[in-house]
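Hi,

Here is the structure I promised to pass on. Have a look at it first, and my notes on what turned up follow below.

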Amino acid sequence: MAVDLRQVMAAVLTFSMFIMLGNMIKRDHIDPLLEPLPVSPDVQYHALKVSKPGMVKLIETRNGPWMENNDSMNPCWTTPLSKGKVQSNGYIFFSLTHGPEYHASQLANAVAVAKRLGAKLALPDIRGSKLGEKRRFGEIYDVDNFIRSLNGVVQVDKNPPAEVSNGRLPIVRVPNRVSEDFIASKVEPVFKSKRNLKIVTYFNPSAVTKGKVDKSSNAYQCLAMFESLKLQTDLQELADSMVGTLRSMSQSSRGRFIAVDLRVEMLGKKSCRETDEMGKQCQNAEEIGLFLKKIGFQTDTTIYLTQTGWHSSLNALRDVFPNTFTKEAIIPADEKAKFMDSESHEYEKFIDFYMCTVGDVFVPAFRSRFYASVVGKRIADGNTQILLPAMNTTTSAADYISPYIAKKSHFAYSCFC
């Protein structure tokens with residue numbers, strides 16, 4: 001068979017062109033992903049002490065003052081098992097109220113009381129912000145994890161006898177982080193008399209997170225606060241998908257985003273008109289934008305806001321940081337009807353709390369129990385880049401680290417080492 005040299009040459013040239021094209025694609029698009037990122041002379045790093053004594057992390061200032069993630073801290077407690085009174089037929093009832101920022105403390109109190117008295121713990125319900133609004137525990141939290149985490153500490157009953165739960169229960173008010181002495185003197189006499197009771201936790205605003213509980217009950221309270229409350233599967237998957245969306249929009253910052261607790265309705269409260277040694281108690285959207293820009297975050301940084309629904313006052317922040325989103329913009333369309341249509345916005349509170357605990361940076365626009373509770377969870381997770389805006393001229397992010405972290409003054413530090 002005769003061979004046409006022109007066809008052979010054409011085939012060789014075509015094959016050569018494909019090889020050259022492949023090398024160009026590899027060089028321009030593949031090789032950069034396999035090489036270590038270059039460190040240019042304009043990249044600066046500042047040492048910052050965080051979390052554990054002696055631990056130093058670095059803040060990168062090329063793409064913004066992002067801090068390296070810390071390793072999760074270790075619990076200072078050991079799981080307490082089968083120590084205490086033998087459980088009786090009595091029950092301790094309680095409800096989770098006021099939002100996720102209160103729930104861990106309310107649960108810790110209930111566990112401490114039930115353990116001290118040898119009582120069974122009734123699975124709590126969840127009360128909404130409106131009178132009479134009530135949800136089952138499993139609508140928000142993972143029931144199996146809750147029971148499993150308390151195994152060996154207290155017995156949890158998902159379905160206490162109706163004649164007990166529907167009866168007229170005596171109510172005992174107990175302070176946040178209740179002590180053994182208080183339980184013995186104020187709660188135990190009522191329990192011995194009635195065998196079943198309901199406790200209601202009250203909070204002292206002047207001691208939101210400071211101080212420590214009795215060492216004898218600290219292990220139970222720490223375990224309850226930081227291991228027992230996990231979101232139920234559907235809600236967890238929704239929150240994780242929202243986090244994934246934010247990270248996918250943050251390529252320049254390697255998938256990192258800032259969570260800002262900024263709700264417009266909070267700015268009109270009396271506490272927001274007060275000042276202290278750090279300046280204003282609250283910052284509006286414009287002030288948050290100026291703060292983040294001042295300390296070095298790039299304008300393409302992705303920001304999540306806890307605000308429900310967009311408000312025109314937020315435009316001042318988006319003008320500086322265009323990639324600013326509220327939950328409505330990133331929640332999957334097929335989930336909105338289930339989780340966003342409620343007038344009470346109860347589901348949204350839990351989504352916001354979770355987003356603020358997992359964001360690479362957390363910035364509270366106002367100092368509140370929500371802020372303090374998020375800090376506690378972030379300490380437990382070793383995620384301690386929490387920046388508190390203040391009225392000073394320094395441009396170093398290290399100067400704005402939350403005092404809870406810088407001074408290790410948060411209660412969570414008594415639970416984690």
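**Aromatic pairs**

Phenylalanine 137 and tyrosine 141 are both buried (under 20% relative accessible area with a 1.4 Å probe and protein chains only; over 50% is exposed, and partly exposed lies in between). Before going on: this is a predicted model, where local features need pLDDT of at least 70, side-chain atom pairs count only at pLDDT 80 or more, and totals for chains, interfaces and linings use all residues. Residues are numbered from 1 along each chain as its sequence is written, and side-chain values use heavy atoms, with hydrogens and water left out.

Across the whole structure, the search finds 11 aromatic pairs (Phe, Tyr or Trp rings, the six-membered one for Trp, with centres within 6.5 Å; planes under 30 degrees apart are stacked, over 60 edge-to-face, the rest tilted). Phenylalanine 137 and tyrosine 141 make a tilted pair, with 5.4 Å between centres and 40° between planes. Together with Phe146 and Phe350, Phe137 and Tyr141 form one aromatic cluster.

Then there's phenylalanine 291 with tyrosine 400: their centres are 5.0 Å apart and their planes stand at 80°, so this pair is edge-to-face. Phenylalanine 291 is in helix H8 (residues 285-294) and tyrosine 400 is in the loop between helices H13 (369-381) and H14 (403-406), so the pair ties together parts 109 residues apart in sequence. (Helices are DSSP runs of H or I with at least four residues, strands are E runs of at least two, and both are numbered from the N terminus.) Phenylalanine 291 is buried at 4% relative accessible area, and tyrosine 400 is buried at 1%.

**Strands and the helix between them**

Strand S11 (residues 196-202) runs parallel to S4 (residues 91-93), joined by 3 bridges (pairing takes at least two DSSP bridges). Here tyrosine 91 has asparagine 196 as its bridge partner. S11 also pairs with S10 (residues 171-175) in the parallel sense, over 5 bridges, and isoleucine 171 is partnered with lysine 198. From S10 the chain passes through helix H5 (residues 180-194) to S11, a right-handed β-α-β crossover (clockwise from the first strand over the helix to the second, with the strands pointing away from the viewer).

H5 isn't straight: it bends by about 45° at valine 187, with proline 189 following within four residues (the angle between axes fitted to the seven residues ending there and the seven starting there). Among the buried residues of H5 are Phe182, Val187 and Phe191. Just after H5, arginine 195 has a positive phi of about 70°.

Enjoy!
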